[in-house]
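Welcome! Take a moment to look over the sequence and the 3D view, and then let us walk through them together.

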Amino acid sequence: MEIRKNNKRKSLIMHIMSIVLCLAMLAGATFAWFSDHAEGSNTINTGNLDVKLKHLAKNADGSYTEEEVLEGTELFLNTEGEPIQWEPGAMATETFVVENAGDLAIVYELALSFAEEGRPIDDYGTIAYLREHMKVAMKKCTDPAVPEEVTEATLTENFTFVGFGEEGFGKEIGEIVAAEQVPGAEQSSTKEAWTVVVYWEAVDSFDGDNWDNNFKDYEMTLNIDLNATQLSHEKDSLGTGYDSSVKDKFIDRDNVGGTDEGNTGTPDEGNGDGGNDGLD
């Protein structure tokens with residue numbers, strides 16, 4: 001009889017423990033809310049604005065090869081590929097290639113300037129500058145792989161003479177989109193070439209003397225500069241207008257001589273700088 005009571009007690013305790021365990025599991029499940037998590041991310045990729053300046057070097061067979069212009073690159077050579085011994089009436093040509101090597105559209109400025117100290121020509125401190133009689137003509141090449149023909153006739157008919165200010169500064173402006181922005185574009189579409197002519201206009205006399213004699217054994221540096229900035233072409237969430245003012249600010253940042261579109265005067269008509277008449 002005692003044994004039966006003990007068994008019932010044990011059985012009752014086991015049932016109670018099972019009920020408690022079930023209640024505990026039920027209570028835990030009550031607080032196990034459904035949950036989930038989601039997030040988004042975006043990689044910001046900046047464009048690459050990269051412009052290169054090259055020139056067309058003539059090969060022995062008459063063809064041309066692009067070579068990057070670096071410090072020390074010899075330019076404006078004679079027909080033998082040697083530096084010119086400049087004298088009145090001398091003319092030199094070079095064709096420069098501007099390449100958009102990045103993935104952003106660009107507006108660029110190809111500029112030439114003369115750097116010189118000048119030379120005293122009288123007892124009154126008058127300083128003469130050779131750049132005052134150096135002429136520069138520039139013409140965009142029809143084919144960026146071939147220089148434009150340079151003769152007195154083509155200079156008169158086709159070339160745009162670039163005016164100079166007090167610092168002897170001339171410039172031309174161009175625009176080039178990136179290759180990936182032109183469907184099916186060939187590599188040449190990312191390039192523009194300019195044939196540049198530099199000419200020393202001879203002066204017969206100056207106050208009875210030969211003015212050009214002032215510049216015997218003289219040194220002057222011709223600088224070629226290429227500057228570029230972004231062109232209003234790529235789009236943001238509102239369109240292409242976010243950088244629409246950049247081009248105007250870039251062109252006008254240092255407007256010393258020349259014009260934004262070049263000067264359309266021919267050599268006989270003058271180059272617009274107040275007295276330099278170009279080729280006669």
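Here is a short tour, from the overall layout to a few side chains. Please keep in mind that this is a predicted model. The protein has 280 residues, and 34% of them are buried. It is built with 3 helices and 11 strands.

**Overall layout**
- Starting at the N terminus, the elements follow the order α-β-β-β-β-β-β-β-α-β-β-β-β-α.
- If you take the contacts between residues at least 6 apart in sequence, 71% of them join residues at least 24 apart.

**The largest nonpolar core**
- This core holds 30 residues, and those with the most contacts inside it are Phe76, Phe96, Leu110, Met138, Val196 and Ile224.
- At least two core residues come from each of the strands S3 (91–100), S4 (106–115), S7 (134–140), S10 (191–200) and S11 (221–230).
- Strand S4 gives the most, with 5 residues.
- Which residues does Phe76 touch, leaving aside its neighbours within four places in sequence? Its contacts are Ile84, Ala92, Thr93, Glu94, Phe96, Val196, Val198, Leu222 and Ile224.

**Aromatic rings**
- There are 2 aromatic pairs in the structure.
- One of them joins Phe215 and Tyr218 edge-to-face, with 4.9 Å centre to centre and 80° between the planes.
- Phe215 and Tyr218 are both buried.
- Elsewhere on your tour, find Tyr129: Arg131 lies over the face of this ring, at 4.5 Å from the ring centre.

Key. Residues numbered from 1 in each chain as written. Predicted model: local features only at pLDDT ≥ 70, side-chain atom pairs only at ≥ 80, totals over all residues. Heavy atoms only, no water. Core = buried A, V, L, I, M, F, W, Y, C linked by side-chain atoms within 4.5 Å. Buried < 20%, exposed > 50% of the residue type's maximum accessible area, 1.4 Å probe, protein only. Helix = DSSP H or I, 4+ residues; strand = E, 2+ residues; numbered from the N terminus. Contact = heavy atoms within 4.5 Å. Phe/Tyr/Trp six-rings, centres within 6.5 Å; stacked < 30°, edge-to-face > 60°. Lys NZ or Arg CZ within 6 Å of the ring centre and 35° of its normal.
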